[in-house]
Amino acid sequence: MATVGLIGRKLGQTRVYDDAGAVVCVTVVQVGPNRVVQCKTEESDGYNAVQLGYGEQNENRMTKPLNGHYKKAGAKPGRRLKEFRDFALDVNPGDEVGATVFEPGDHVDATGLTKGRGFQGVVKRYNFGGGPKSHGQKGFFRRPGSVAAGSTPGWVDKGKKMPGQMGQKQRTVQSLRVVQVREDDNLLLIEGAIPGAKGDYVVICEAVKKPKAGKK
């Protein structure tokens, strides 16, 4: 299925009024301009795809092969490079793609890295209840409890919920509504929350469950 997507940067959250006059909580994402770095075709590469670059980066901070890749396309080196398969728009290397790819009322899927929380216990990481808090309890308040039997099976099962690193995982939130598109600033105001902290890079794609073609 042909789709469309953009690389963006999360700027923060705010509230705006929609057409009905209701207050809507939105996430502000700057999605442009995205520069077309490479167009792959079925004949040359075996599949159809478009590579987009976002942001600007000093050439000295990049590898020589990647610098050559950008120069071949006639585009400035970017901070992020992302490939989108079966891109719905007809573009060429060097073209710029902005926020006008989407319209108010469209639905998108937002992908990003969740906030890093460091090493956390099971109460914060998995919402465990912990031990009893009544009188006489000693030191068993935020512990996981028993994790395995001693003789049978004699080991801890893989995937057991235990303390560990929390956050910094790629997550996708689906079917978020685009409330406003501000073309001059290349901004998308998207209803709801998007994974990541302020300033993090995100990928905004046409919603899989609610594509543009199916919109009434």
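Predicted model: local features only at pLDDT ≥ 70, side-chain atom pairs only at ≥ 80, totals over all residues.

## Nonpolar cores

The largest nonpolar core holds 26 residues, and within this set L52, F102, L188, I190, I194 and I204 touch the most other members. Two or more residues are contributed to this core by each of β1 (5-17), β4 (49-54), β7, β10 (170-182), β11 (187-191) and β12 (201-206). Apart from it lies another core, made up of 7 residues, including V16, V24, V179 and L189. In soluble globular proteins, nonpolar side chains tend to be buried together.

The surroundings of L52 can be described in detail: once neighbours within four places in sequence are set aside, L52 is in contact with G5, L6 and I7, with N34, R35, V36 and V37, and with R80, L81, K82, F84 and F87.

## A buried loop residue

V101 is found in the loop between β6 (96-97) and β7 (107-113), and V101 counts as buried because its relative accessibility is 14%, where the cut-off is under 20%. Neighbours within four places in sequence aside, V101 is in contact with V4, L6, L89 and K212. The C-alpha atom of V101 is separated by 9.6 Å from that of E206, a residue 105 places away along the chain.

## Salt bridges

The model has 4 salt bridges by the rule applied here. In one of them, the side chains of K40 and E83 meet at 3.0 Å, N to O; because K40 belongs to strand β3 (residues 34-40) and E83 to strand β5 (residues 80-85), the pair ties together parts that are 43 residues apart in sequence. With a relative accessibility of 17%, K40 counts as buried, whereas E83, at 27%, counts as partly exposed.

Another salt bridge joins the side chains of R177 and E191 at 2.9 Å, N to O. Since R177 lies in strand β10 and E191 in strand β11, this pair ties together parts that are 14 residues apart in sequence. R177 is partly exposed, with a relative accessible area of 27%, and E191 likewise counts as partly exposed, at 31% relative accessibility.

The side chains of K76 and E56 also meet in a salt bridge, at 3.9 Å, N to O. This pair links distant parts of the chain, with K76 in the loop between α2 (64-73) and β5 and E56, 20 residues apart from it, in the loop between β4 and α2. K76 counts as exposed, at 52% relative accessibility.

Conventions. Residues numbered from 1 in each chain as written. Heavy atoms only, no water. Helix = DSSP H or I, 4+ residues; strand = E, 2+ residues; numbered from the N terminus. Buried < 20%, exposed > 50% of the residue type's maximum accessible area, 1.4 Å probe, protein only. Contact = heavy atoms within 4.5 Å. Core = buried A, V, L, I, M, F, W, Y, C linked by side-chain atoms within 4.5 Å.
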